[in-house]
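Subject: Structure for your review, with notes

Dear colleague,

Please find the structure below.

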Number of protein chains: 2
Amino acid sequence: MLSHPSTQRIAVIDLGSNTARMVVISTVPGYAYNLSDEIREVVRLREGMSPRGLSAEATERAFFTLRLFKDYCDSAGVDEIIATATSAVRDAYNGALFVEQVQEEIGLLLQVLDGEQEAYYGTLGALNEVLVSNGFVVDIGGGSAQISEVEDRRYQRGSSVPLGALALTEKFVGSDPIKKSDYSAVQQEIDRRLDSIDWLKEAAVEGKELVGLGGTIRNLARMQAMREDYPLNTLHGYVLTRSALAESIDLLVTQPLADRKSLPGLNSDRADIILPGAMAMATIMDQLQKDSLTISINGLREGLFFERFWDHLSYPVAGDVRRFSVLNMARVYNYEKKHANHVRFLADRLFEQLLPLHGYDLDDLSLLDAAAILHDLGSIIDYYDHHKHSQMLITNRGLAGYQPRETALIALLARYHRKGKPGLEPYDSLMEESDELRLMRLAAMLRMAEFLERGRNGNVDDVTVSWDETTLRLTVVADEYPAVELWEAEKNASKLIEKAFGKELVLESTAAPAPWVAASF
Amino acid sequence: MLSHPSTQRIAVIDLGSNTARMVVISTVPGYAYNLSDEIREVVRLREGMSPRGLSAEATERAFFTLRLFKDYCDSAGVDEIIATATSAVRDAYNGALFVEQVQEEIGLLLQVLDGEQEAYYGTLGALNEVLVSNGFVVDIGGGSAQISEVEDRRYQRGSSVPLGALALTEKFVGSDPIKKSDYSAVQQEIDRRLDSIDWLKEAAVEGKELVGLGGTIRNLARMQAMREDYPLNTLHGYVLTRSALAESIDLLVTQPLADRKSLPGLNSDRADIILPGAMAMATIMDQLQKDSLTISINGLREGLFFERFWDHLSYPVAGDVRRFSVLNMARVYNYEKKHANHVRFLADRLFEQLLPLHGYDLDDLSLLDAAAILHDLGSIIDYYDHHKHSQMLITNRGLAGYQPRETALIALLARYHRKGKPGLEPYDSLMEESDELRLMRLAAMLRMAEFLERGRNGNVDDVTVSWDETTLRLTVVADEYPAVELWEAEKNASKLIEKAFGKELVLESTAAPAPWVAASF
């Protein structure tokens, strides 16, 4: 719920081979964005397509749905519509006529993406979410699949091949469970089509990363996540492994449709078509010799959106995806900017000065930073237990660019920013051995920073740190004696910092105490 | 997080016998309020009190804490401070001097409440939360207990007696677990003090309600709730029974302090003093011949706040506590007022016209109304699964004036407002036999209303209902053919309404279809 006065609503419509989708995003370009509505209709535009083009029935269904979308936009006051069509329309003999009629009769300008554009926009979506620098982005859709190459976080080149899950199923699968001969036919087609991408083999050198997007791949990831009891609600940064993919393929090959429909994690309306998509993904991984890929939740629609959102940048990708994702979440949830920034400043100051004691690196600092910005978000739900609400908000929505373990650590830092004994539950399965101590130490710094900013008004200018064998001295710099901050920090943050660094805490202020404080101790 | 431009921050400070508390409330008086901060310090102001008054040490601790509170208010930009002191200060020989010094040295004006004022403000808090019309409000504190009588939802009279949990413990309990003789001494003191309230016996006629507030009573309720696996996070409207209270007293009498500290639901820092408070409550219930009481979460501080919040009313209590509580939650979570009101209007129209088929009453209508206003609140967390987030927000915060069963039904209506098969889990234990059907029918009406307002712009002016043996006809009134609404309602709401009323649905519009719609069907 963006409360910024210049919030616009942008609709992105994507008319695919199987599904037509519209998302409505509330946004202030360059500032923040938030999904505010979504309509999805199964149009089956490719159904009955012939050399003469899209069938009359499919065209009618598409017109009906696009009019519905346009009607919604008019009535709900959408400010801007970005509408595209992909493989079905571009492959159809009468595609151009279809687009013309849509514009004339509905007043909707459909941009027909060619295969490379489709690859480009999917990659743009992924680059705004995943930290991939050099590697490949694979998007498996209903009609086609796109493979793109990324260099230095830019789209380099891409190809579209007719390896969509629905297209392969319709063409080659006539048995349930799949017969050996159908399976081989699918596999041969996949091999043949991948061979046709001339640049792919030369580009496949070691050390490159692999990213996957689109409903098929996301669903395969969810199947793995369900089997693993994955503890987060979001698939941001989730890693799909080749071995888990093989396991899913085994299940999809051996079970009949009725059983496949109830496979944990699999959408029942994909159960009939997902296998060829999974096989295509597996083959691509084998060809690129990758044993895992990172999921991007963003795809084509998000890429189209980001082109608009980052219109003013030289290249429409956030310079630092992680920082921007944190900021976007903070802005969407109306964070108290000054307080959050001041807590981050004080936490960072503790982190950098305590470096010789903890030895953590910039990645760890980025966890602390993110948690400092996000620690109070849960107040939007309720002041009581707001630390727990913050944790929920972070793991529910997830953060772009962070690995699941990192997202979980940020959520736990928010969880323990004011009280409680830091522990890795319920995310233990994601954690490394050193994370228990890491969480305690980062939580100690965040908690100290939070209580040194208890008045929520920047009373404490700075904190300097020194120590000896047994004692940790924090000297607070302030114009006037910060009585609230010192008292609250002593009461609520001292024990944890003593435990985290194994020293006794001395907390003092450069400003002399007010007489009444001196009298009271 | 109130985003209203005239939001003020009001601090309410309450210097009790044991604890000093400050709550900071963000508010637009008469419009909405939301707790935004809280500081709590154990001051033990009564400790060491003698005929010469408050002890020097206790005075110093109180000064330190009040200064801290005042410092916080200054630094955090609180607009208004309401500060009160209760039994310790009013009983102390040097109480007036203490107040004078606080004003001079700290600049904080402490209003010392006499016993009746304390009873009055606690009652005011309770009246703004519980639907009690005629009955009694009991508040058990640390130093004193207040009993008030309510007539026609107004405070009638009240008395304060020195039956606070801490005061009784300090005076009469020297054993652990409590010895028979100590127990009898406490009981005798309770009987004697209650006898001293001259109006109590005459007022105790049948049919009157009983409400309890304050930390002691809330904690006793939580003990019962934990034993019952109570499924809500909030104690709004919770009913504490005399038999559960007896069970808790048994546990408190027989177990030593170390074990009491880990009794489920009991705050460990109350484990040493709660028994005499529980005995006082039990005795009051027996004298009034009540076998249960309703918990009010609101108490003294909230009463003081509401006097300010409802300053412009003839009596500072909301005319309809339930409606206002719903509205306050909606406002705090920045609801889309026009959309919510229109959904409520359409849902109400369905409810009233379908009355002969369902036969529900005004209480049921009030559930539907509340759910219509609150159904989209979860969007503040995320568009995805916002129906589930709405459910969580409602059960997390709770609603004043509604019974737990009703709050759970409102939450479930929000949960099922757009999809899913309505079911009573996880709140089955609160429900009545007829609630499964009730939930399905109310959810069907809400869902139909929601999709008839899918464009979120009031496109549908009205809906009229008629039926015969087999068919339910909904005729939608609109200026222009509401294509989006009809399509979406047909797709998403028709099945549930057919199931709920056992008839086939015919959905049509007074406005003739656009030619393109006719062509498509």
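The notes below set out what was found, by topic.

This is a predicted model, in which local features need pLDDT of at least 70 and side-chain atom pairs count only at pLDDT 80 or more, while totals for chains, interfaces and linings use all residues. Residues are numbered from 1 along each chain as its sequence is written, and chains are lettered from A and ligands numbered from 1 in the order in which they are written.

**Nonpolar core**

The largest nonpolar core holds 317 residues. The term denotes a set of buried Ala, Val, Leu, Ile, Met, Phe, Trp, Tyr and Cys residues joined through C-beta atoms within 7 Å. A residue is buried if 20 or more other C-beta atoms lie within 10 Å of its own, exposed if 12 or fewer, and partly exposed in between, with C-beta atoms placed from the backbone. The residues with the most contacts inside this core are Leu374(A), Ile410(A), Leu413(A), Leu374(B), Ile410(B) and Leu413(B). Leaving aside residues up to four places away in sequence, Leu374(B) touches Val326(B), Met329(B), Ala330(B), Ser390(B), Ile394(B), Ile410(B) and Ala414(B). Contact here requires C-beta atoms, placed from the backbone, to lie within 7 Å.

**Contact between the chains**

Between the two chains, 34 residues of chain A are in contact with 35 residues of chain B. On the chain A side, the elements that give two or more residues are β3 (32-42), α1 (56-76), α17 (386-397), α20 (483-492) and α22 (515-520). Helices (H or I, at least four residues) and strands (E, at least two) are DSSP runs, numbered from the N terminus. The largest share of that side, 9 residues, comes from α1(A). By class, the side of chain A that touches chain B has 15 nonpolar, 11 polar and 8 charged residues. In this scheme Ala, Val, Leu, Ile, Met, Phe, Trp, Tyr, Cys and Pro count as nonpolar, Asp, Glu, Lys and Arg as charged, and the others, Gly among them, as polar.

Two packed helices are described by the angle between their axes and the distance between the axes. Axes are lines fitted to C-alpha atoms, for helices over the stretch in contact, and angles run from 0 to 180 degrees between N-to-C directions. Angles under 35 degrees count as roughly parallel, over 145 as roughly antiparallel, 65 to 115 as roughly perpendicular and the rest as oblique. A crossing is left-handed if the near helix is turned anticlockwise from the far one by less than a right angle, and right-handed if clockwise.

- Helices α18 (residues 404-415) and α19 (residues 435-451) of chain A pack at about 45°, with axes 9 Å apart. This angle makes α18(A) oblique to α19(A). Their crossing is right-handed. Leu409(A), Leu412(A) and Leu413(A) of α18(A) make the contact with Asp435(A), Leu439(A), Leu442(A), Ala443(A) and Leu446(A) of α19(A). The contact of α18(A) with α19(A) has 7 nonpolar, no polar and 1 charged residues.
- Helices α9 (residues 242-254) and α11 (residues 274-287) of chain A pack at about 150°, with axes 10 Å apart. They are therefore roughly antiparallel to each other. The crossing of α9(A) and α11(A) is left-handed. Their contact divides into 12 nonpolar, 1 polar and 1 charged residues.
- The axes of helices α13 (residues 321-332) and α16 (residues 362-374) of chain A come within 9 Å and cross at roughly 15°. That makes α13(A) roughly parallel to α16(A). Here Arg322(A), Val326(A), Met329(A) and Ala330(A) in α13(A) meet Ser366(A), Ala370(A), Ile373(A) and Leu374(A) in α16(A).

**Backbone features in loops**

Most residues other than glycine have a negative phi, and most peptide bonds are trans. A cis peptide bond joins Asp176(A) and Pro177(A), with omega about -10°. Pro177(A) lies in the loop between α5 (165-172) and α6 (180-195) of chain A. The bond from Glu425(A) to Pro426(A) is also cis, with omega near 0°, and Pro426(A) lies in the loop between α18 and α19 of chain A.

Arg456(A) has a positive phi, near 55°, and lies in the loop between α19 and β12 (460-467) of chain A. Arg456(A) is buried, with 21 other C-beta atoms within 10 Å. In chain B, Arg456(B) has a positive phi of about 55°.

With kind regards
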